[in-house]
Structure formats: C-alpha cells, structure tokens
Protein chains: 2
Amino acid sequence: MKAAIFVKPGKMEIKEMSKPKIQKSTDAIIRILRACVCGSDLWWYRGISKRESGSTVGHEAIGIVEEVGKDVVAIHPGDFVIAPFTHGCGQCAACRAGFDGSCLNPTESANGGYQGEYLRFEQANWALIKIPGKPQDYSDAQLNNFLTLADVMATGYHAATSAEVKSGDTTVVIGDGAVGLCGVIGARLRGASRIILMSHHEDRAKLGLEFGATDIVSERGTDAIKRIMELTNDNGADSVLECVGATSAIKQAGQVARPGAVVGRVGVPQIEPSSNTLFWKNIGLRGGVASVTTYDKNLLLDEVLKENINPGKIFTKRFDLDHIQDAYEAMDKREAIKSLIIVADK
Amino acid sequence: MKAAIFVKPGKMEIKEMSKPKIQKSTDAIIRILRACVCGSDLWWYRGISKRESGSTVGHEAIGIVEEVGKDVVAIHPGDFVIAPFTHGCGQCAACRAGFDGSCLNPTESANGGYQGEYLRFEQANWALIKIPGKPQDYSDAQLNNFLTLADVMATGYHAATSAEVKSGDTTVVIGDGAVGLCGVIGARLRGASRIILMSHHEDRAKLGLEFGATDIVSERGTDAIKRIMELTNDNGADSVLECVGATSAIKQAGQVARPGAVVGRVGVPQIEPSSNTLFWKNIGLRGGVASVTTYDKNLLLDEVLKENINPGKIFTKRFDLDHIQDAYEAMDKREAIKSLIIVADK
C-alpha cells in the first residue's frame with residue numbers, strides 16, 4: 001500500500017509499505033477514503049518540532065472498516081467511519097467525564113499514519129464514529145464535512161466548550177486558521193449572539209462571516225485590543241477562543257476578556273502563558289486536546305447530517321495522495337486554509 | 001481615633017489619627033467592632049512584599065454605620081454591616097456577571113484601614129452587606145462568623161466556585177490555612193461528597209474534619225500526590241481548590257486533578273504557574289479575587305444566620321487593638337490559624 005512519510009523538514013514522500021495488521025483485540029483496519037493536513041503538522045514540516053525521518057504521518061481521516069479485532073463489537077467490516085485523531089477507551093474517568101482527548105488509557109499509535117491507503121486504528125470499539133449509510137450516499141461537500149469531524153471541527157468546538165460559551169455571549173475568536181474558523185461554528189452552536197473573529201486575511205474573514213461571525217477585527221497588536229474593547233463597550237468579551245497556541249495569543253485573550261470570562265484554548269501551548277493577569281481579572285483558562293468522539297457522537301455528526309453546519313468549506317485545495325508534497329506546501333505557504341487529500345474515490 | 005499602622009517588617013503600632021470623613025457621595029463611615037489579620041498581610045509583615053511605612057492596615061471588619069454619603073440609599077446610619085475587602089459598584093459588567101472582586105470601577109482606598117476604630121468605606125451602597133438586627137442580638141461565635149464573610153469565608157467559597165465543584169465531586173483542598181479551611185466549607189456547600197484536605201498540622205486537620213473534610217492527607221511532596229491518587233483510584237480529583245498561591249501548589253493541583261477537572265485558585269499567584277501540564281490533561285484554571293458581596297448576599301450570610309456553617313472557628317486567638325503586634329506575631333509564628341481583633345464591644 002501507499003503511505004505518506006516525512007523525509008526531512010520541507011520534504012514529504014509517498015512510500016510503498018506493507019498493509020497494517022490487527023495487533024490487539026481492540027484494533028480495526030480502515031481503508032482510507034479522505035485524509036487531510038493539519039496546522040499542527042506544519043510544526044515538524046517546518047522543522048520547529050522534531051519528527052523521526054521515515055515516519056508515517058497524518059491524524060485525520062474517513063474510511064471504510066476492513067477488519068476488526070475480536071473485542072470490537074460496536075463497529076463492523078464495511079462500516080463507513082470517521083477516524084478521530086484521539087483514541088478514547090470510553091471507560092476511564094476521563095472519558096466518562098467527556099474528556100476522551102485526555103483518555104487515561106493512551107495508545108501507542110496515536111501519532112500518525114492516516115495519510116495513507118490503510119490505517120490500523122486502536123480503541124476502535126468506542127473511539128470510531130460510524131456514519132450512517134455508504135460514502136456513495138453523500139455529496140462531495142458532505143464527505144468533507146465528515147472529515148472535519150476527525151479533528152478540526154471537534155477541536156474548534158472544544159475551544160467553544162472550554163470557553164464555556166453560553167447563549168447570548170459576546171465571544172472573541174483568536175486565530176483565523178481552520179481551527180479558529182471551526183471555533184466560530186462552535187460558538188454559534190453554543191448560542192453566542194455576537195462572534196468577533198480576529199482575522200487578517202480576506203478569504204478567511206469571508207468564510208468566518210459565512211460560518212457565523214458577526215464582526216471581523218483586522219487590526220493587529222494593541223490596535224486589535226483597542227478595537228475589541230470599543231466593540232464591547234470597554235467591558236471585554238464574555239468568552240474567548242484561543243485557537244493559536246502562541247504565548248502572545250493567550251496574553252491577548254486575557255486582555256480582551258471581561259473579568260470572570262473563560263478562555264478556551266486548543267492551540268498546543270508553545271511555552272508558559274502569562275497567567276497572573278488572568279488571576280487579577282478572575283479569568284479562567286481551560287482547554288486541551290478535543291473530546292472528538294464525545295462531541296461527534298453527541299452533537300456534531302447530527303449537525304452535519306442535518307446540513308446545519310458546513311465546516312468542510314475549510315478545504316480550499318484538494319490533492320491526491322501522490323501529490324502529498326504539494327498538499328503540505330499549499331498549507332505552508334498559506335495558499336490553502338486546509339489541504340484535502342483524496343486517497344480513494346469510494 | 002486609634003488605628004493600627006505598619007512601621008517596618010515585623011513591627012506594628014497603634015497610632016492616634018483623625019477620624020475619617022465622607023469624601024464621595026457613595027462613601028460610608030463605619031465604626032468598627034471586630035477586625036482580623038489576613039494571611040496575605042503576612043506578605044508585607046514579613047517583608048516579602050513592599051508596603052509604605054506608616055500606612056493603615058487590615059481589610060476585614062464588621063461594624064456599625066455612622067454616616068453615609070448622599071447617594072447611599074440601601075444602607076443607613078445605625079446599620080450593622082459586614083465591610084468586605086472588595087468594593088464592587090454593583091453596576092458594571094464584572095459585578096453583573098458576579099465578579100465584584102474584579103469590579104471595573106476600582107476604588108483608591110481598598111488597600112487598608114479596617115484595623116482601627118473608624119473606616120471610610122467606598123461604594124457603600126452596593127458593596128456593604130447589612131446584617132439583620134444589632135450586634136447584641138448575636139453570640140460571640142456568630143459575630144466571628146459574620147466577620148469571616150468580609151474575606152476569608154467568601155474567598156474559600158470563591159475557590160470552590162472557581163473550581164466548579166458540583167454535587168458528588170471528589171474535591172482536593174490544597175492549603176490548611178484559614179482560606180483552605182473555609183474552602184472545605186465551600187466545597188461542602190456546593191455538594192462535594194468527598195473532600196480531601198492536605199494538612200500537616202493536627203489542629204488545622206481537626207478543624208478541617210469538623211468543617212466537612214472526609215480525608216486528611218498529611219504526607220508532603222510526591223508522597224502526598226501518591227496518596228491522593230490512591231484515594232481516587234488513580235483517576236485524580238474532579239475539582240481542586242488551590243488556597244496557597246505558590247507555584248508549587250498550582251503544579252501540585254495539576255498533578256492531583258483528573259483530566260477535565262478545574263483548579264480554583266485564590267492564593268495570590270507568586271509567579272507563573274506551569275500551565276502546559278494543565279493543557280495536556282485538559283485541566284481548567286480559574287479564580288482570582290473573591291466576589292464577596294455577591295456570595296454574602298446570595299448565600300453565605302443566610303448559611304451563617306441558619307447556623308449551618310461556623311467559619312468563625314478559624315479565629316483561634318483574640319486580641320484587643322492595643323495588642324496588634326501580638327495579633328500579627330501569633331499569625332506569623334503559626335500560633336493562631338487566624339487572629340481576631342476586638343475593636344469595640346458593641
């Protein structure tokens with residue numbers, strides 16, 4: 001089978017590999033239909049974080065189950081599924097509390113391999129999300145919507161949930177990447193009445209407005225903060241989604257939040273946030289790895305099936321597996337909000 | 001009138017001063033009955049933080065209103081009141097959201113003067129809490145309970161509220177000082193079914209058990225963390241009250257919390273907490289200055305009047321104003337959990 005591998009910073013390749021096999025009784029083998037490139041993949045693609053040369057990559061996909069281990073009873077061969085980047089066991093205290101992104105029974109293989117023809121998926125019984133029917137039943141746009149439920153849409157929703165966005169909130173979204181844009185959808189789903197998106201790119205701002213943003217703040221630095229304070233009568237926002245992960249973004253979140261607000265962060269933190277500011281304004285800081293399976297099963301898949309949300313619009317460029325290098329380059333050069341990879345037609 | 005002043009680290013004095021006067025239409029002049037020493041006063045008493053020599057001190061008291069400014073309509077001369085350390089205006093977005101400890105209209109005089117015979121209190125109309133009847137109607141113990149509502153009991157409750165303690169929670173309380181002990185009461189009021197208090201002092205542990213703690217962890221460092229993990233089946237606690245403020249305490253809170261838990265912190269942060277650990281476990285961090293007036297008016301005063309809580313038991317030594325030096329020394333040497341100062345009998 002073909003799979004994408006990381007060669008060195010800036011260089012991806014397709015390699016012929018042996019097809020993965022069931023190793024544990026809770027595994028499933030999935031034939032991948034669509035995968036994509038994540039903003040977090042750019043950390044090692046750009047050489048900012050380390051990754052082993054020759055390792056398989058990707059952590060978002062939809063596909064068809066080929067084979068399951070003997071303890072997998074909720075999922076069957078032939079099922080059309082979302083393969084989340086998380087692998088919640090569904091049984092531990094973290095999963096039961098709705099935090100399957102921080103499952104207390106972590107797996108070894110959670111770190112890649114979705115950008116390829118076949119995938120071995122651990123904790124398949126609970127973590128996989130079954131999509132009703134077959135791929136042929138859905139439009140191209142719906143398939144893309146499903147794909148976003150493997151990570152980016154669930155992560156945007158996690159930002160909104162972590163920020164405890166509630167009905168009537170004025171919410172600020174920091175970050176106009178794919179996660180931030182999905183955060184706008186998340187804030188809307190949770191009932192925010194005003195959603196201020198910080199965006200410096202016209203195409204992203206446009207999509208943000210389509211997703212439910214009511215205001216765009218295109219200023220930078222202190223001008224951006226001044227603008228948001230003007231928009232909120234100098235009170236600051238009731239909730240803030242921090243979808244970047246940079247220390248400066250957490251700091252900015254604290255500056256635009258009103259006392260008592262909660263900042264939901266899903267950007268992998270670079271270093272320490274400046275949290276003493278948060279103390280003096282009684283601002284809470286929540287967030288982490290998204291509860292993908294929980295959100296998909298309880299809400300997001302339904303919202304996609306009802307065509308109530310269209311997060312798949314974040315895929316602004318598409319590639320086949322053989323053009324994996326181009327898919328990464330398009331993300332790296334910001335030519336695509338998010339790169340879609342078509343692995344198989346059906 | 002007599003008032004306590006800070007001379008230099010380790011040295012307090014009583015000084016004869018002129019009685020304060022109404023300066024703003026929202027002021028009140030209060031004749032103090034009881035005041036007390038706060039753990040946070042030890043920061044400057046010990047010379048760890050700076051304070052101007054000759055400045056008046058103290059930020060917790062109960063007393064009788066002597067005079068009010070023309071815009072104070074909710075409080076009248078002769079009223080028996082709690083004087084919180086906070087001065088919420090009651091009108092701004094922060095106060096309306098229940099965060100009067102982070103009021104957007106801060107006052108200048110919030111930083112001392114309660115340990116004296118008379119006090120000028122700003123934002124008196126909303127921030128003062130009226131106690132029904134007269135001091136003579138209440139027992140000595142009830143007067144002490146009322147006094148705790150000026151800060152320490154409200155702050156302990158803020159830790160529990162910030163930690164989002166809910167019915168059935170297993171809650172860990174870090175810190176067995178007066179705030180931590182009141183945090184135990186706060187966790188109980190919010191319905192925690194198991195309250196694990198970390199305490200190394202027999203007298204404090206005993207009071208903690210009386211206040212509602214179900215388990216005492218007297219180990220230190222990694223042994224304490226191991227013990228808490230054992231007590232929680234290796235899951236960690238659903239909520240953690242961080243009532244110390246030290247960086248090590250925030251770190252410890254992250255280690256004993258289960259994924260998805262919230263840490264409520266009310267200790268003034270020394271420096272930056274290590275929050276990346278919190279991210280990877282999806283642990284939220286909330287807290288700051290307590291919403292004293294909000295909590296007192298909505299819950300705590302009622303609980304004291306019904307004799308449902310007895311936070312006044314934290315006053316384990318009492319002094320008159322002339323012995324202010326002894327009151328500070330007893331706290332500094334940990335001979336008192338909290339020092340009570342009797343300013344006037346009625």
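Two strands are said to pair if DSSP finds at least two bridges between them. The model considered here is a predicted one. In chain A, strand β3 (residues 28-36) and strand β6 (residues 118-121) run antiparallel and are joined by four bridges. Within this pairing, A:Ile29 of chain A stands opposite A:Arg120 in β6(A).

Strand β3(A) also pairs with strand β4 (residues 61-68) of chain A, in the antiparallel sense and over seven bridges. Here A:Ala28 has A:Val68 in β4(A) as its bridge partner. A further antiparallel pairing, over three bridges, links β3(A) to strand β15 (residues 338-342) of chain A. In β15(A), A:Ile342 is the bridge partner of A:Arg34.

How buried is strand β3 of chain A, and why is it largely enclosed? A residue counts as buried if 20 or more other C-beta atoms lie within 10 Å of its own. Eight of the nine residues of β3(A) are buried, so the strand is largely enclosed by the rest of the structure.

At the level of domains, the assignment for chain A gives domain 1 (2-151 + 291-342) and domain 2 (155-287). Taken over C-alpha atoms, the centres of domain 1 and domain 2 of chain A are separated by 26 Å. Where they touch, 14 residues of domain 1 of chain A are in contact with 13 residues of domain 2 of chain A. On the side of domain 1 that touches domain 2, helix α11 (residues 292-305) of chain A contributes the largest share, three residues. The residues of that side of domain 1 of chain A divide into six nonpolar, four polar and four charged.

Terms used. Residues numbered from 1 in each chain as written. Chains lettered and ligands numbered in written order. Predicted model: local features only at pLDDT ≥ 70, side-chain atom pairs only at ≥ 80, totals over all residues. Buried ≥ 20, exposed ≤ 12 C-beta atoms within 10 Å, placed from the backbone. Helix = DSSP H or I, 4+ residues; strand = E, 2+ residues; numbered from the N terminus. Domains from an automatic or database assignment. Contact = placed C-beta atoms within 7 Å. Nonpolar A, V, L, I, M, F, W, Y, C, P; charged D, E, K, R; others polar.
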